[in-house]
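Dear colleague,

My notes on what was found in it follow directly after it.

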Amino acid sequence: MEKFYITTPIYYPSANFHIGHCYTTIIADALARYKRSKGYDVYFQTGTDEHGLKIETKAHEDGVSPKEYVDKIVLNAKDLWKALNISYDYFVRTTDESHVKAVQKIFTKLYEQGDIYKGTYKGLYCVPCESFWTKTQLVDGKCPDCGREVNEVEEEAYFLKLSKYQDRLVEYLETHPDFIEPESRKNEMLNNFIKPGLEDLCVSRTSFKWGIPVPFDDNHVVYVWLDALTNYITTLGYMSDDDSKFKKYWPADLHLVGKEIIRFHTIVWPIILMALDLPLPKKVYGHGWLVINGSKISKSLGNYKDPREYIKDFGVDAVRYFVLREVPFGSDGNFSVEALIDRTNADLANTLGNLVNRTISMVNKYFDGSINNPKEYLELDQDFLKMINELDEKVASKMDNLRISEALEIIFDLLRRSNKYIDETTPWVLAKEDAMKKRLETVLYNLLEAIRVCSVQLEFAIPSTIEKIFAQLNLEDKTTKYVDNNNYHVNKAEALFKRIDKEEFLNSNKM
Ligand code: ME8
């Protein structure tokens with residue numbers, strides 16, 4: 001069985017997660033579900049990046065220990081992933097003992113082989129972003145990521161020799177065109193960061209304590225990126241007694257990350273792996289940001305509300321569908337309640353919900369819920385059945401290229417086509433004539449098959465709705481083609497989505 005190892009970034013549990021974190025995690029979940037449906041042995045990992053000055057400071061402000069502080073946020077995060085139906089296989093915390101031990105072994109190995117050395121760090125540090133910057137990287141003298149003040153710091157530190165691997169990295173990127181996507185990001189990494197010359201990376205700190213101790217030098221803790229990036233292999237048992245998962249799943253097939261951390265994943269991480277003599281991940285995809293009125297939704301800007309509020313108001317699948325459908329992958333996209341309501345009404349309530357409701361109701365009304373296919377086809381069926389049969393291949397060509405939004409568009413084209421098929425065949429007219437009974441049964445059968453086949457494809461996006469549709473269809477056939485001899489005994493029709501009255505909602509002060 002072919003394997004598929006997919007990861008999200010491990011998020012900082014410095015505050016509860018917002019819709020931006022949900023965005024990456026929902027995309028990863030969709031891809032993991034899709035690959036599972038295609039028979040892959042999927043390993044889907046997410047988690048939390050728990051060390052560092054920022055969390056130490058926050059915990060101190062709250063009067064609790066850093067571990068108590070992050071424990072609470074991790075519980076909240078796991079609850080959120082449950083509410084969003086995130087089907088992760090493993091949730092890593094960088095405070096896990098197995099991770100801590102493996103990071104210490106990796107650090108020691110890199111030190112002993114001369115890839116980590118001791119020096120003095122002089123630099124500019126942005127506390128909220130936990131990032132060091134060089135003078136040239138600053139924008140108007142401020143942090144290029146968040147626009148805040150940076151502080152000058154000087155301390156003894158260990159460094160990872162990025163410069164030693166620079167040429168190998170350039171060669172790798174140039175000979176592996178699929179490694180970084182979208183391609184524009186690859187050019188940005190090569191031209192803006194790598195080719196001007198890599199500076200060695202500070203991988204330890206003495207100015208805070210909340211981190212993994214450097215095993216041979218008590219004053220230092222491992223500085224976050226070496227701790228964080230290695231999560232992708234420590235969880236598989238790399239450098240532990242049982243590395244069977246590592247052998248099975250490494251290299252990762254896809255690291256999904258936001259565009260602001262692509263440089264760590266395509267420069268620092270490959271170099272760590274080269275130094276460890278390990279294969280590189282097959283792909284790093286840097287997606288765009290969800291923005292609210294042009295600003296990044298972010299913990300440090302505080303411009304967001306709990307994603308569970310949206311789930312409560314609109315349902316989990318409305319939220320999942322919106323983020324998967326609305327934002328073209330790779331670009332930034334705007335998140336707004338207005339757009340979420342419009343999408344939910346147009347696609348989920350009107351197109352999908354109505355189709356299922358009309359079809360199941362007619363099957364109940366005209367055939368008491370039970371139909372077999374009399375196969376009284378007319379020419380006008382051909383085009384419809386062809387579309388049903390081509391769906392799987394068309395969706396696969398998009399999903400295999402991470403074009404989730406386009407894949408959904410194709411599925412909804414067929415759902416819209418199905419509604420049009422009802423208008424073309426006018427079942428309510430056929431129902432009036434006994435002589436047309438078989439034709440009517442064929443028409444409804446074709447519609448049930450269209451719904452079934454679309455549902456098979458849509459499971460990755462809106463799993464709980466699809467469960468309800470399969471319950472109404474009362475048939476668990478997951479084949480992706482039109483089957484002409486299924487026997488349907490459908491259940492009662494039940495509404496899947498309520499149309500949301502936008503004006504009423506917006507006036508109800510919920511914004
Ligand atoms: O960077 N739109 O953690 P983090 C889209 N711990 N995605 C967003 C987003 C937005 N507005 N806001 C956040 C870290 N994200 C490190 C990662 S990995 C070894 C270490 C998502 O909590 C997006 O995936 O700041 C982004 O890269 C990530 O959350 C940053 O999470």
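**A lysine over two rings**

K35 is placed over the face of F4, 5.2 Å from the ring centre; a charge sits over a ring when NZ of Lys or CZ of Arg is within 6 Å of the ring centre and within 35 degrees of the ring normal. K35 also lies over the face of Y40, at 4.3 Å from the ring centre.

**Basis of the values**

This is a predicted model, in which local features need pLDDT of at least 70 and side-chain atom pairs count only at pLDDT 80 or more, while totals for chains, interfaces and linings use all residues. Residues are numbered from 1 along each chain as its sequence is written, and side-chain values use heavy atoms, with hydrogens and water left out.

**The ligand and its shell**

There are 25 residues around the ligand, and I10, T24, D49, E260 and L290 come nearest; a residue is near if one of its heavy atoms lies within 4 Å of the molecule. A polar side-chain atom of T24 is 2.6 Å from an oxygen atom of the ligand, and a polar side-chain atom of E260 lies 2.8 Å from an oxygen atom of the ligand. L290 takes part through its backbone: one of its polar backbone atoms is 2.8 Å from a nitrogen atom of the ligand. Taken alone, the ligand exposes 680 Å², of which the protein buries 95% (Shrake-Rupley method, 1.4 Å probe).

The elements that give two or more residues to this shell are β1 (3-11), α1 (19-37) and α7 (224-229); helices (H or I, at least four residues) and strands (E, at least two) are DSSP runs, numbered from the N terminus. The largest share, four residues, comes from α1. By class, the shell has 13 nonpolar, eight polar and four charged residues (nonpolar: Ala, Val, Leu, Ile, Met, Phe, Trp, Tyr, Cys and Pro; charged: Asp, Glu, Lys and Arg; polar: the others, Gly among them).

**Aromatic pairs**

The structure holds 30 aromatic pairs, that is, rings of Phe, Tyr and Trp (its six-membered ring) with centres within 6.5 Å; planes under 30 degrees apart count as stacked, over 60 as edge-to-face and the rest as tilted. Y11 and F17 form an edge-to-face pair, 5.4 Å centre to centre with 70° between the planes. Both Y11 and F17 are buried (under 20% relative accessible area; exposed is over 50%, partly exposed in between, with a 1.4 Å probe and protein chains only).

F246 and W250 are stacked, with 6.4 Å between centres and 10° between the planes. F246 counts as buried because its relative accessibility is 11%, and W250 is buried at 7%. Ring pairs link Y5, Y43, Y232, Y238, F246, Y249, W250 and W269 into a cluster.

**Backbone exceptions**

Most residues other than glycine have a negative phi, and most peptide bonds are trans. The peptide bond from W250 to P251 is cis, with omega near 5°, and P251 lies in the loop between α9 (244-249) and β11 (254-258). A cis peptide bond also joins E181 and P182, with omega about -10°; P182 is in the loop between β7 (180-181) and α6 (183-194).

D140 is not a glycine, yet has a positive phi of about 50°. D140 lies in the loop between β5 (131-133) and β6 (151-160) and is exposed, with a relative accessible area of 74%. T426, also not a glycine, has a positive phi of about 40°. T426 lies in the loop between α15 (404-425) and α16 (427-430) and counts as partly exposed, at 25% relative accessibility.

With kind regards

Methods: A polar contact is a pair of N or O atoms within 3.5 Å; within protein, one must be able to donate a hydrogen and the other to accept it, and residues adjacent in sequence count only if both atoms are side-chain atoms.
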